[in-house]
Amino acid sequence: MQNVLLTLAIPFYENEQLLRKTVESVLEQSVSGWRLIISLDSKLSINFITYLECLNDNRILVIDNESKGICENWNNCIDIVESEYMVILHSDDELAPDYIATMLELIRSEPHNALYFCGAKIIDIKSQVTFSFSDKVKDFLKPSMGSIKLAGDEGLSSLLKGCFIFCPSICYKTEVIKKYKFRKKWQMVLDLDLYARLLIDGYSFYGTNKKEYRYRRHDNNQTTKLTKDFKRFDEEVLLYNDLSIKAARLGWKNTEKIAQKKSIIKLHLMFLMIKSILCLDFKRSYKIFSFLCNL
């Protein structure tokens with residue numbers, strides 16, 4: 001592992017069919033200098049173990065996550081990686097063939113950043129490109145230039161307008177992510193909380209608008225579950241309130257203003273409320289309306 005520049009780590013909980021697609025997308029990369037680690041929050045079936053054995057690829061390692069949970073599994077991936085850079089690849093997503101090549105190109109061109117990212121195409125359960133309103137809005141909000149540099153007040157405020165970075169598309173500098181890790185207090189905003197802590201501490205990010213990642217939207221993923229029961233919005237409001245206070249102390253006026261307004265959270269809730277009304281789900285629409293009134 002020490003001679004590998006980049007490790008892809010997959011925290012796995014459920015759905016081996018999608019995990020297989022994820023693994024196959026790694027195997028189809030245009031460059032070969034990678035390592036793949038699968039960190040298990042649940043046991044693999046005999047069929048999937050046989051599939052991995054048939055691959056006979058010594059670049060693939062399977063480990064157990066002893067402390068169960070999303071954050072714990074992500075951090076377990078971080079703990080085990082020894083390469084200079086790492087990716088926490090979601091087990092239901094896919095990589096475009098040039099994903100790793102694109103990350104290495106970004107690293108070579110701008111080596112002094114904490115993390116690197118790319119754009120993403122949204123796919124459905126059948127791996128077909130699909131439409132997502134929330135992702136379309138974020139696409140509109142992100143900088144339009146080919147390469148994107150984020151730092152300081154300007155960088156954090158742009159992410160709070162609408163976090164256009166897809167967390168699993170990120171390639172981290174391992175020594176940095178090992179220092180910060182993800183915080184167990186969160187389930188939905190693990191990523192945005194991490195970005196904020198890094199930017200506040202003076203780190204910078206570098207990315208491209210090239211869509212080399214395939215982010216899967218489906219009814220059973222964690223984001224969908226946390227959206228349905230409003231946990232995501234509770235967490236987002238708490239984080240935005242916290243960042244507003246921290247930004248005020250730092251004199252980061254842009255971040256403070258955007259964190260206080262919470263415009264992207266309100267926009268998302270209004271979209272869900274309209275959708276609920278059109279589906280004649282008036283109980284849910286009233287619940288969303290009440291949530292909005294309390295913001």
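Predicted model: local features only at pLDDT ≥ 70, side-chain atom pairs only at ≥ 80, totals over all residues.
Local features require pLDDT of at least 70 and side-chain atom pairs count only at pLDDT 80 or more, while totals for chains, interfaces and linings use all residues. Residues are numbered from 1 along each chain as its sequence is written, and side-chain values use heavy atoms, with hydrogens and water left out.

The structure holds 9 salt bridges (a side-chain nitrogen of Lys or Arg within 4 Å of a carboxyl oxygen of Asp or Glu). In one of them, glutamate 94 pairs with arginine 216, with 2.6 Å between the closest N and O atoms. This pair links distant parts of the chain, strand β5 (residues 94–95) and strand β9, 122 residues apart (strands are DSSP runs of E, at least two residues, and helices runs of H or I, at least four, numbered from the N terminus). Glutamate 94 is buried at 15% relative accessibility, and arginine 216 is buried at 0% (buried means under 20% relative accessible area, exposed over 50%, partly exposed in between, with a 1.4 Å probe and protein chains only).

Aspartate 79 meets lysine 181 in another salt bridge, the closest N and O atoms lying 2.5 Å apart. Aspartate 79 belongs to helix α3 (residues 70–80) and lysine 181 to the loop between α7 (174–180) and α8 (190–200), so the pair ties together parts 102 residues apart in sequence. Aspartate 79 is partly exposed at 43%, as is lysine 181 at 24%.
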